[in-house]
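Opening my notebook for today. I wanted to look at what sits inside this fold, starting from a single side chain.

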Amino acid sequence: MKEWIEKITNANSLEELESLRVEILGKKGVLTAEFAKLKTIPNEEKKAFAQNLNEQKIAITEAIDNKKVVLEEDALNKKLEAEKIDVTRFNNEVSSAAVHPVIDTMDRIITYFQNLNFAVEEGPLVEDDFHNFEALNLPKYHPARDMQDTFYNKDFTVLRTHTSPVQIRTMLNQKPPIRMIAPGTVFRRDFDLTHTPMFHQVEGLVVDSEDKVSFANLKHVLVEFLQHMFGDVEVRFRPSFFPFTEPSAEVDISCVFCKGEGCRVCSHTGWLEVLGCGVVDPNVFKAVGYENVSGYAFGLGVERFAMLIHNIGDLRSLFESDLKLLGQFK
Ligand SMILES: [Zn+2]
């Protein structure tokens with residue numbers, strides 16, 4: 001019996017303890033076998049034999065129970081140790097926050113123009129027909145309205161398709177001279193590699209007396225701005241059409257990826273279109289009641305700038321909140 005007690009005391013695990021219990025007290029256990037002998041033992045010896053067996057059984061059961069408590073406690077401690085969480089531990093792997101590339105690009109653009117004394121103006125996202133179209137020389141049923149895939153609301157208001165209505169609102173509220181930019185969110189029904197239904201624009205407007213504003217001023221401002229944003233690039237102006245400016249131009253920079261040699265991004269032309277601009281159409285000034293002034297305006301897509309600055313191929317990836325992608329722009 002001493003031997004058994006010793007084995008029980010030295011058991012290393014609950015499994016080992018259980019197999020010892022089966023070995024000793026189980027149906028085919030050694031002690032159970034001893035009890036079976038009672039049948040064959042002479043009556044006068046039975047009492048002493050049974051008493052002895054019972055004492056052994058009690059001692060062994062007690063030893064097993066005690067050992068079980070110890071082993072269970074050990075197992076629990078091991079589990080607690082393994083699952084321990086140190087809430088005070090500093091985790092170096094936690095990544096720090098970064099500004100989203102679109103917002104970062106927008107901030108850079110805004111700061112640049114603020115330094116040139118442009119005021120930052122804002123307006124509502126839901127616009128009426130007058131501010132979003134009509135005042136911008138886009139009368140109802142004008143074919144140029146098709147250039148902008150508009151979201152219409154039931155009450156014939158629209159989600160603004162550009163930030164130009166902010167220019168109208170500013171001119172209606174202020175007297176010239178005006179020197180402003182309108183950064184903000186705009187909406188169009190469009191979704192592919194280079195278009196998302198929501199995107200960001202920055203538009204600029206300068207209005208002053210006729211002798212103070214010219215296309216040459218506009219050209220100078222934009223060339224300096226684009227070289228600030230994209231580095232040492234060539235800038236070219238191409239005649240184009242916008243309803244609210246006349247003359248109008250689209251502005252290209254020499255491809256930032258191939259330096260003008262021709263690559264996939266620039267469709268092998270060596271040039272990337274980055275913004276639109278022009279001299280404000282007299283009809284726009286008529287709509288806001290301005291007289292004897294001249295002005296120029298420009299507009300750009302912030303996502304387009306961010307994609308070119310950070311070499312992002314798919315515009316949609318900017319809106320997927322993918323930390324693997326966004327983490328690269330710290
Ligand atoms: Zn290229």
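This is a predicted model: local features need pLDDT of at least 70, side-chain atom pairs count only at pLDDT 80 or more; totals for chains, interfaces and linings use all residues.

I looked up L226 and, skipping its neighbours within four places in sequence, found it in contact (heavy atoms within 4.5 Å) with G231, V233, V235, V251, I253, V274, L275 and F305. Residues are numbered from 1 along each chain as its sequence is written, and side-chain values use heavy atoms, with hydrogens and water left out.

Next I checked the cores. A nonpolar core is a set of buried Ala, Val, Leu, Ile, Met, Phe, Trp, Tyr and Cys residues joined through side-chain atoms within 4.5 Å; buried means under 20% relative accessible area, exposed over 50%, partly exposed in between, with a 1.4 Å probe and protein chains only. The largest one has 44 residues, and L226 is among those with the most contacts inside it, as are F113 and F230. Elements giving two or more residues to this core include helix 5 (101-115), helix 8 (215-230) and strand 8 (271-280). Helices (H or I, at least four residues) and strands (E, at least two) are DSSP runs, numbered from the N terminus. Helix 8 gives the most, with seven residues.

Then I went to helix 10, where V302, E303, F305, A306, M307 and L308 are buried. Its buried residues pack against helix 5, strand 5, helix 8, strand 8 and strand 9.
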